[in-house]
Amino acid sequence: LPFPSNIILHDWLIALVTSYFGKVIFLPEPTLGYRQHSSNLVGALGVVRLLVSRFFQLFTVSNPLDIWIGSPFRQLRAFSAKYILPKDQMYKFILFLFNPNPFMRLYGAYRLGLSKHGTFRTLIFYILMIFWKPGR
């Protein structure tokens with residue numbers, strides 16, 4: 001603490017810090033109560049609502065790939081700027097994610113071990129990464 005001003009979601013940052021400096025483990029029992037309701041701004045949509053939401057973003061958002069790919073990458077870059085030394089190999093691969101060359105982006109993501117939940121979603125993620133144009 002304090003959280004950097006350029007982070008997107010504080011829980012993403014906490015997860016990144018925890019996995020970089022410590023160890024993330026699964027606890028089978030709930031440790032806190034988390035209630036989701038229809039007016040949540042962020043939360044689990046379920047696969048059908050997620051797909052519908054992403055479909056509509058194709059027509060309503062000027063650059064949906066920047067939301068789907070760019071936001072998590074910018075979060076990772078904000079984390080690296082605060083916590084990772086530039087001489088660390090991981091820092092270099094995070095910078096590769098913003099390279100104009102799509103193959104360098106894929107290489108950086110692969111070396112960082114980036115994935116989604118399941119093989120299909122990870123494959124789609126890597127395909128979309130080819131078409132994403134890093135702007136900043």
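Which helix is Arg105 found in? Arg105 sits in helix 5, and the views below start from the whole chain and come back to this residue. The model is predicted, so local features need pLDDT of at least 70, side-chain atom pairs count only at pLDDT 80 or more, and totals for chains, interfaces and linings use all residues. Residues are numbered from 1 along each chain as its sequence is written, and side-chain values use heavy atoms, with hydrogens and water left out.

**View 1. The overall fold: six helices and zero strands.** Along the sequence the pattern reads α-α-α-α-α-α. Helices (H or I, at least four residues) and strands (E, at least two) are DSSP runs, numbered from the N terminus. Of the 136 residues, 25% count as buried; buried means under 20% relative accessible area, exposed over 50%, and partly exposed in between (1.4 Å probe, protein chains only). Of the contacts between residues at least 6 apart in sequence, 52% join residues at least 24 apart, where contact means heavy atoms within 4.5 Å.

**View 2. Helix 1 packing on helix 3.** Helix 1 (residues 10-21) and helix 3 (residues 64-83) meet at an angle of about 55°, and their axes lie 10 Å apart. That makes helix 1 oblique to helix 3. Axes are lines fitted to C-alpha atoms, for helices over the stretch in contact, and angles run from 0 to 180 degrees between N-to-C directions. Angles under 35 degrees count as roughly parallel, over 145 as roughly antiparallel, 65 to 115 as roughly perpendicular and the rest as oblique. Look for Trp12, Leu13, Leu16, Val17, Tyr20 and Phe21 of helix 1 against Ser71, Pro72, Gln75, Leu76, Phe79 and Tyr83 of helix 3. By class, this contact of helix 1 with helix 3 has 10 nonpolar, two polar and no charged residues. Here Ala, Val, Leu, Ile, Met, Phe, Trp, Tyr, Cys and Pro count as nonpolar, Asp, Glu, Lys and Arg as charged, and the others, Gly among them, as polar.

**View 3. Helix 5 crossing helix 6.** The axes of helix 5 (residues 102-112) and helix 6 (residues 119-131) come within 8 Å and cross at roughly 145°, and the crossing is right-handed. Helix 5 contributes Pro102, Arg105, Leu106, Ala109 and Tyr110, while helix 6 contributes Tyr126, Met129 and Ile130. These residues divide into seven nonpolar, no polar and one charged.

**View 4. Arg105 and its surroundings.** Arg105 counts as buried because its relative accessibility is 1%. Leaving out residues up to four places away in sequence, Arg105 touches Phe96, Leu97, Phe98, Asn99, Pro100, Met129, Ile130, Trp132 and Pro134.

**View 5. The largest nonpolar core, with 22 residues.** Ile69, Phe73, Leu97 and Met129 have the most contacts inside this core. A nonpolar core is a set of buried Ala, Val, Leu, Ile, Met, Phe, Trp, Tyr and Cys residues joined through side-chain atoms within 4.5 Å. Helix 3 gives the most to this core, with seven residues. Beyond its neighbours within four places in sequence, Met129 is in contact with Ile69, Phe73, Arg105, Leu106 and Ala109.

Conventions. A crossing is left-handed if the near helix is turned anticlockwise from the far one by less than a right angle, and right-handed if clockwise.
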